[in-house]
Amino acid sequence: MERAPLLELKGIAKRFGEHEVLKGIDLQVFPGEILALLGPSGCGKTTLLRVVAGLENPDRGQVLLEGQEITALPPERRGIGFVFQDYALFPHLTALGNVAFGLKGKDRLERARKALERVGMTLFQHRKPGELSGGQQQRIALARALAPGPRLVLLDEPFSSLDASLRAATREEVRRILKETGTTALLVTHDQEEALSFADRLGVMRGGRLEQVGTPEEVYLRPRTPFVAQFLGRTNLLPGEGRGRQAETCLGPVPLAEAAQGPLLLSLRPEALRLLPPEEGPPGALGVVVAREFKGHDLTYRVRLLAPEREVLVQEGPESPFRVGDRVRVAVAGVGVALEGHPSKAPVGTD
């Protein structure tokens, strides 16, 4: 039996002056799910989040929550929590006061304390935001969003102001809290790593449209378009000729994730390639290492092929011996994905 979505967007469009920010967005978010909207600045993801929250009115389309249309409802009547990018905490109130703010009833303080306990901030309930770290403020903002018992929580770039050392740990903790409480969440971010590690599903946006929606694994390993392939991490875009379950390319035959025929544009991740000494290994393209980027856990090489002249990216382990100037053989060790596009548009090398 198919699940009913908690949140459903139908044909959401929004224009600011002459600029069409959203161009007919359809999206479903299911109960208990964390869905991330990922895209570059100006793609419309924050505007879409504000439409869901009721902070912006769409020019057309519908917003439904548990099957009920809420398109025209004011924010306070939607039963939706919102964690803002800058947390929007009141500086003159304690953590407890911030969480209790807006709650109704005689038990408001007790409910606020339970929300603080849920995010592990009970010991800091009497401190003001200025006395808390960025990660602690982030938890207070989440507790405030969860305290009323919302059906849906919206998170607008919630980790962007944290130091890199805090970001991963805080992200993991927030995901744990959302899952333990069974809270449905819609996250907006421009950070690919954040979207891939935090979300159950993600939607990649470009120019006011959703280009692809799926699990992180689906979108990363099976991108549909050149934009999605490049935005979800480094990739090589190569023209080729599809011949069933493989394609002929400048690197030789490349296995395909799905069968294809005729001219195609191929996405081949750097980790799907290997470097070998020029005299070793299976047939593959010969080239010269022109750049070497050591990142601790791996090495990324930029290799200029000798024929045809084209640059490709290859990811190796940290102990790979090749240096700039070395002649190498580039061998295919993984699977490529045929994209929606035309090989004549493929750039020479890409990341």
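A salt bridge here is a side-chain nitrogen of Lys or Arg within 4 Å of a carboxyl oxygen of Asp or Glu. The exercises below use a predicted model.

**Exercise 1. Decide whether Arg-234 and Glu-293 form a salt bridge, and say which parts of the chain the pair ties together.**

Solution. 
- Step 1: Check the distance. The side chains of Arg-234 and Glu-293 come to 2.9 Å, N to O.
- Step 2: Apply the cut-off. The limit is 4 Å, and the pair meets in a salt bridge.
- Step 3: Place the residues. Arg-234 sits in the loop between helix H8 (226-231) and strand S11 (236-249), while Glu-293 belongs to strand S14 (residues 285-294), so the pair ties together parts 59 residues apart in sequence.
- Step 4: Check the surroundings. Arg-234 is partly exposed at 30% relative accessible area. Glu-293 is also partly exposed, at 33%.
- Background: side chains of opposite charge can pair when their charged atoms come close.

**Exercise 2. Take the salt bridges Arg-111 with Asp-107 and Arg-302 with Glu-311. Which residue of the second pair is buried?**

Solution. 
- Step 1: Start with Arg-111 and Asp-107. Their closest N and O atoms are 3.7 Å apart.
- Step 2: Classify both. Arg-111 has 27% relative accessibility and counts as partly exposed. Asp-107 has 40% and is partly exposed as well.
- Step 3: Move to Arg-302 and Glu-311. Their side chains meet at 3.4 Å, N to O.
- Step 4: Recall that buried means under 20% relative accessible area. Arg-302, at 22%, counts as partly exposed. Glu-311, at 19%, is buried.
- Step 5: The structure holds 15 salt bridges. Glu-173, Arg-176 and Glu-180 are linked in a network of them.

**Exercise 3. Is Val-51 buried or exposed, and what does it contact beyond its sequence neighbours?**

Solution. 
- Step 1: Locate the residue. Val-51 is part of helix H1, which covers residues 45-53.
- Step 2: Read its accessibility. Val-51 has a relative accessible area of 1%, so it is buried.
- Step 3: List the contacts. Setting aside neighbours within four places in sequence, Val-51 touches Ile-12, Leu-22, Glu-56, Pro-58, Val-63 and Arg-78.
- Step 4: Take one contact further. Val-63 lies 12 residues from Val-51 along the chain, and their C-alpha atoms are separated by 8.2 Å.

**Exercise 4. Explain why helix H1 counts as largely enclosed, and find what follows it.**

Solution. 
- Step 1: Name the buried residues. In H1 they are Lys-45, Thr-47, Leu-48, Leu-49, Val-51, Val-52 and Ala-53.
- Step 2: Use the count. Because 7 of the 9 residues of H1 are buried, the helix is largely enclosed by the rest of the structure.
- Step 3: Step past the end. Gly-54 follows H1, and its phi is positive, near 90°.

**Exercise 5. Describe the whole chain: its secondary structure, burial and charge.**

Solution. 
- Step 1: Count the elements. The chain has 8 helices and 18 strands.
- Step 2: Along the principal axes, the C-alpha atoms fill a box of roughly 80 × 45 × 45 Å.
- Step 3: Of the 351 residues, 48% are buried.
- Step 4: Check contact range. Among contacts between residues at least 6 apart in sequence, 64% join residues at least 24 apart.
- Step 5: Compare the charges. There are 46 positive and 44 negative charges, and their mean positions are 4 Å apart.

Technical notes
Residues are numbered from 1 along each chain as its sequence is written. This is a predicted model: local features need pLDDT of at least 70, side-chain atom pairs count only at pLDDT 80 or more; totals for chains, interfaces and linings use all residues. Side-chain values use heavy atoms; hydrogens and water are left out. Helices (H or I, at least four residues) and strands (E, at least two) are DSSP runs, numbered from the N terminus. Buried means under 20% relative accessible area, exposed over 50%, partly exposed in between (1.4 Å probe, protein chains only). Contact means heavy atoms within 4.5 Å. Lys and Arg count as positive and Asp and Glu as negative; His and the chain ends are not counted. The place of a charge is taken as NZ of Lys, CZ of Arg, CG of Asp or CD of Glu.
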